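Take a look at the sequence and the fold before reading on. The paragraphs below walk through the inside of the chain.

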Amino acid sequence: MSTSVLTPAAAPATVVARPTVGQRVTSFMPLIALAALLGALAIADPGFLSQSSLTAVVRTAAPLVVLAAGATVVVLCGGIDLSIAALCSLATVFFAMWLPDLGGLTIAAVVAATAVIGAVQGVAHVLLRIPSFIVTLGGMSIFAAIALVISDAGPIRVVDREATAWLDLYLAGVVPMAFVVALVVVALISAALRFTPLDSWVRAIGYSESAARLAGSPVDRVKIAAFTVSGACAGLAAVMLVSRNFSGSPTMADNLLLPAVAAIVVGGTAITGGHGSVWRSLAGALVVTLLRVGLPIVGVPSAYEQILYGAIIVAAVALTLDRSKVQIIK
């Protein structure tokens, strides 16, 4: 009589589901919305499609594109970073305070500092097992308070503009350098995800963190890296804002949180993680910027802007939400 030997089952491989038909359709929605908005604004104001107007739009969109690109990586991992706007505001204060001593090194110092702050949030999230929503909500409050304290609750004027003068240049006399930098950031993040194992790791974590751990994916390190990228992008966005406003302020970027979240979900990135891309967030950021610019053109008071963002976020999440991950709706 033979006996069978039972061997432990091998760890299941990470299975990344193919995009559904709905997800494929959703992936084209940002481009459709962008084209529709451009058409509507051109009808409302025939001069809107002029070179000067479009140049102003993409220059305005640059900080939002960078913020949304960094936060998209966190969302793809199934988390969320609510601290990006407050950290960006804090970074503008850092820049204004450090510029007299560091000169041209200030940009690198600010981006490095915010990257470290982002990494600290990531470490707190993975080691303490605290939801990213709570960690970054607390971070948002902490960063806002620090910015108010160290700036004496007021703006700090930037007199030396040489460090950021290059962001005011125009490529071929048409495309703002700030937007070129935003495109480079999106391209670098996308390339890092596409041509390295990070893409499969990030999507696996977003689809099912427990399955990703069983498959041997470095879940904690990937999550910390995602928050680091998000923090670094907040610092770079702060540099762009300083170059445009010639000052640092503890509240300068506070109004960019909802637009950044809206850009991510309008771009078709699932808020539950695993599905989306930074290129879609770029399209979403352009859509949101056109809405901000277009509201006054069509006669909608700016006071309704936040209402519109809230409605957009709810609608976009309803379209992109992976309901298989949501067992109970509360």
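**Inside the fold**

Start with Val 65. Leaving out residues up to four places away in sequence, Val 65 touches Phe 179, Ala 182, Val 186, Leu 282 and Ala 285. Contact here means heavy atoms within 4.5 Å.

A word on the model. It is predicted, so local features need pLDDT of at least 70 and side-chain atom pairs count only at pLDDT 80 or more, while totals for chains, interfaces and linings use all residues. Residues are numbered from 1 along each chain as its sequence is written, and side-chain values use heavy atoms, with hydrogens and water left out.

The largest nonpolar core holds 89 residues, and Val 65, Cys 88, Phe 95, Ile 189 and Met 240 touch the most other members. Helix 2, residues 51-76, gives the most to this core: 15 residues. A nonpolar core is a set of buried Ala, Val, Leu, Ile, Met, Phe, Trp, Tyr and Cys residues joined through side-chain atoms within 4.5 Å. Helices (H or I, at least four residues) and strands (E, at least two) are DSSP runs, numbered from the N terminus.

Is Cys 88 buried or exposed? Cys 88 counts as buried because its relative accessibility is 0%. Buried means under 20% relative accessible area, exposed over 50%, and partly exposed in between (1.4 Å probe, protein chains only). Cys 77 is buried too, at 5%. How many disulfides are there? The count is 0, where a disulfide is a pair of cysteine sulfur atoms within 2.5 Å.

Now find Ser 83. It sits in the loop between helix 2 and helix 3 (84-102). Its relative accessibility is 1%, so Ser 83 counts as buried. Beyond residues up to four places away in sequence, Ser 83 touches Gln 121, Thr 136, Gly 139, Met 140 and Phe 143.

Next come the spans from the record. UniProt, in an unreviewed entry, places the feature "transmembrane region" at several stretches, including residues 102-120 and 256-274. Such positions are given in the numbering used here, feature names are shortened, and annotations may be inferred rather than shown by experiment. In residues 102-120, the end C-alpha atoms lie 24 Å apart, and the span is 84% helix and 0% strand. In residues 256-274, the end C-alpha atoms lie 24 Å apart, with 53% helix and 0% strand.
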